[in-house]
Protein chains: 2
Amino acid sequence: MTMIAHPQSLHFAAPLLLQSGKSIRAYDLAYETYGLLNADKSNAVLVCHALNASHHVAGVYAHDDVKIQEKSAGWWDNMIGPGKPVDTNHFFVIGVNNLGSCFGSTGPMHVNPDTQKVYGADFPVVTVEDWVNAQALLMDKLGIETLAAVMGGSLGGMQALSWTLQYPDRLRHAVVVASAPNLTAENIAFNEVARRAIVTDPDFHEGHFYQHGVIPKRGLRIARMIGHITYLSDDVMNAKFGRQLKQSLALESSKSAVNDNSDANFDANADAYSYSTQEVEFQIESYLRHQGDKFAEYFDANTYLLITRALDYFDPARKFSGNLTKALELAKAKFLLISFTTDWRFSPSRSRELVKALLDNNRDVSYAEIDAPHGHDAFLLDDHRYTSLIRSYFDSILSEIRSKVTMKAAA
Amino acid sequence: MTMIAHPQSLHFAAPLLLQSGKSIRAYDLAYETYGLLNADKSNAVLVCHALNASHHVAGVYAHDDVKIQEKSAGWWDNMIGPGKPVDTNHFFVIGVNNLGSCFGSTGPMHVNPDTQKVYGADFPVVTVEDWVNAQALLMDKLGIETLAAVMGGSLGGMQALSWTLQYPDRLRHAVVVASAPNLTAENIAFNEVARRAIVTDPDFHEGHFYQHGVIPKRGLRIARMIGHITYLSDDVMNAKFGRQLKQSLALESSKSAVNDNSDANFDANADAYSYSTQEVEFQIESYLRHQGDKFAEYFDANTYLLITRALDYFDPARKFSGNLTKALELAKAKFLLISFTTDWRFSPSRSRELVKALLDNNRDVSYAEIDAPHGHDAFLLDDHRYTSLIRSYFDSILSEIRSKVTMKAAA
């Protein structure tokens, strides 16, 4: 049964002081909820999103008048819903759009109440910590004091981790998937190239392109293409695209359509390079260009800068001179960490750093390294070992909740 | 003792038929030679260059009026010269600039004799095979029938490999360093993003930017930044730059300069993020921007497109339905292959594919996988295990040459 999602929004009139020292005077947070909050409000699960996602975590919209990428099912719809690993028949799940995003919460496309102008590049830099603070204020408004769990993949996992340090008493479990305690130099490097592509696009206009009626699409396309390369593993790219020519695939499908047996002739044509530096020659080029084009249609350039910077800046060990064990001392939650063997963006070794630092602090931590071929993207894909692990973990959270209710009833 | 290099050039009046079916009517090849050709012309070594290098392989120029990046020592000066691993006291070494380059040989910046206009984007697509054909014609003019060795790293290694297939009787040894039998989908993907950055730069003008008096520097910068990320290993990037702030390094050096002891104060400042999406925050960003800026000053955009495409297209197994063993049947040379453990651009597994295919054909092949931390860049750096291996191999080539001379003298 398809679950219908209802986007909602809440206004926050009090200013939010940011890590940078600046503040946002007033703001809205877009969010969605799935399932029902139980009587003692102990079954709430907050799901944090990664780079280009939103509060639309699960289900589909009943109407169609929403942004392109939101027309489809929520970005973690395979994981969250009735009967799914995070079962909304039992859990009350909240998806929230982060500040600075372009999907509903206050961001660079909105009007700055102080100047009555669109923020653009003047939107203040937001950090993972700022997002978590805003999420906590949303929980206040929803009347949720303690979350059963906070979960997320990639940048979303960083938020789940940060919850355990900023609000150690407000969550019982953190589910951190395909994430890291901070970015490596290489991660930052990829972000920086993407940002330079956007910022040096003549249509960027110092981040105030809205007034000029243009969008720095060239830069956004490049940024997205770079991103896509780092989301996939070398192996899966070879398996999916290899060195196949665009031409050759087109011919193969026309061949099968007409059920032609003259394979030799067809192959000879299909194998011919077109010898061009600018036309699409290989399948992988076609795929990347398509991804870039799609992204440039719906994603905001200033949001891209903000979100990649939030990734760069996240580093809880920083104020402890890089000592992650010291940094995680504050955490009280129980942890489930998951990584994927072929993820070279947030490699298993980065998750293992977290596991070690948590164990150093005698924290309750479960860790699984899943041998999946899909690279970083694996956290969004279906893999039985992965989804059944999440299911088991949430089943155990549910048992905890029920035993507490039983104990209360008995008392 | 510093070796002085003398750039030379030869004109070729006969058209060169290219793999694409097009041809170049007339062209020049820039080259340099080091050492002396022996009496029976058996000590010649051809060195093929990679993406952004040239015929200036070793030594320095006596004068200064040459392009920025050619002011310095040749790109393989640590490897080639008097007393060096490829010892020019014994070998006659030839460096040649490939067609389509921007460093002296005929390329997109030159005038098309057919139209009397600058080629620009109309310069025909050249392949590794085309380059090897042109190199063979240069060898003809230099009176060299058989090369003692052809050597190269990365794209240069592909040329050395192609020599063994196109002119199996004209070389005795192929030294193929940090190379591959073809590019993977991921390799092509990185090339494609770099090309898109250049082609979509408004200053590219469909490749005819010369007439507009502009250079697509934005695109070139992005291309070079992407390149640099893939040349380095994650580990070496972390060791070199880590998450260090630009600010912090500047302060550290000022600190040591004034010999100030108030470390605490300095560190507090040095550790402060500036919270900007566009300013340089991390050292790695500063490094990449600098590399991009430098590159955009001296490298031609059309050349970048041509050379990355030559990389994409190279695939000797292609006409044998991907059967590399079959493809290498033609090779007669003895091989030295070298790869570096942390090279993720041309990983050791790609070199091992070549080793296997050569062994399948009972070819004489030596292979070394060197545990170096520097990624793909390692092939240009000093590593004793690497340089001493090259030295030993060339010593053995020298013994071969000498024993042949002795045999001839005895006969």
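Predicted model: local features only at pLDDT ≥ 70, side-chain atom pairs only at ≥ 80, totals over all residues.
Residues are numbered from 1 along each chain as its sequence is written, chains are lettered from A and ligands numbered from 1 in the order in which they are written, and side-chain values use heavy atoms, with hydrogens and water left out.

**Interface of chain B and chain A**

- Contact (heavy atoms within 4.5 Å) involves 60 residues of chain B and 59 residues of chain A.
- The two chains bury about 5,200 Å² between them, 60% of it on carbon and sulfur atoms; buried area is the accessible area (1.4 Å probe) that two parts lose on being put together, summed over both.
- On the chain B side, B:Arg243, B:Tyr275 and B:Arg318 lose the most area to chain A, together 15% of what that side buries.
- The interface has 8 salt bridges, a salt bridge being a side-chain nitrogen of Lys or Arg within 4 Å of a carboxyl oxygen of Asp or Glu.
- A:Asp315 and B:Arg243 meet in a salt bridge through their side chains, at 3.0 Å from N to O.
- Between chain B and chain A, 30 residue pairs are in polar contact, with both residues at pLDDT 80 or more.
- Helices H3 (185-199), H5 (217-231), H6 (234-240), H9 (283-298) and H10 (301-313) of chain B each give two or more residues to the side that touches chain A; helices (H or I, at least four residues) and strands (E, at least two) are DSSP runs, numbered from the N terminus.
- H3(B) supplies the largest share of that side, 11 residues.
- By class, the chain B side has 32 nonpolar, 12 polar and 16 charged residues; Ala, Val, Leu, Ile, Met, Phe, Trp, Tyr, Cys and Pro count as nonpolar, Asp, Glu, Lys and Arg as charged, and the others, Gly among them, as polar.

**Helix H4 of chain A**

- H4(A) has 15 residues and reaches 21 Å from its first C-alpha to its last, close to the 21 Å expected at 1.5 Å a residue; the expected span is 1.5 Å times one less than the number of residues.
- Of the 15 residues of H4(A), 12 are buried, where buried means under 20% relative accessible area, exposed over 50%, and partly exposed in between (1.4 Å probe, protein chains only).
- The cover over these buried residues includes H3 (185-199), H5 (234-240), H8 (283-298) and H9 (301-313) of chain A, together with H3 and H5 of chain B.
- A:Thr230 lies in H4(A), residues 217-231, and is buried at a relative accessible area of 2%.
- Leaving out residues up to four places away in sequence, A:Thr230 touches A:Phe190, A:Trp344, A:Arg345 and A:His376.
- A:Ile222, also in H4 of chain A, is buried at 4% relative accessible area.
- With the sequence neighbours up to four places away left out, A:Ile222 touches A:Ala197, B:Val193, B:Arg196, B:Ala197 and B:Ile222.

**Helix H9 of chain A**

- The end C-alpha atoms of the 13-residue H9(A) are 19 Å apart, which agrees with the 18 Å that it should span at 1.5 Å a residue.
- H9(A) is largely enclosed by the rest of the structure, because 13 of its 13 residues are buried.
- A:Asp300 caps the N-terminal end of H9(A), with a side-chain oxygen 3.1 Å from the backbone nitrogen of A:Asn302.

**Salt bridges**

- Over all chains, the structure holds 44 salt bridges.
- A:Lys334 pairs with A:Glu400 in a salt bridge, the closest N and O atoms being 3.3 Å apart.
- A:Lys334 lies in strand E15 (residues 334-340) and A:Glu400 in helix H12 (residues 384-410) of chain A, so the pair ties together parts that are 66 residues apart in sequence.
- B:Asp312 and B:Arg309 form a salt bridge with closest N and O atoms 2.9 Å apart; both lie in helix H10 of chain B, 3 residues apart, about one turn of the helix.
- B:Asp312 is buried at 0% relative accessibility, and B:Arg309 is buried with a relative accessible area of 0%.

Conventions: Polar contact = N/O pair within 3.5 Å; in protein donor to acceptor, adjacent residues only side chain to side chain.
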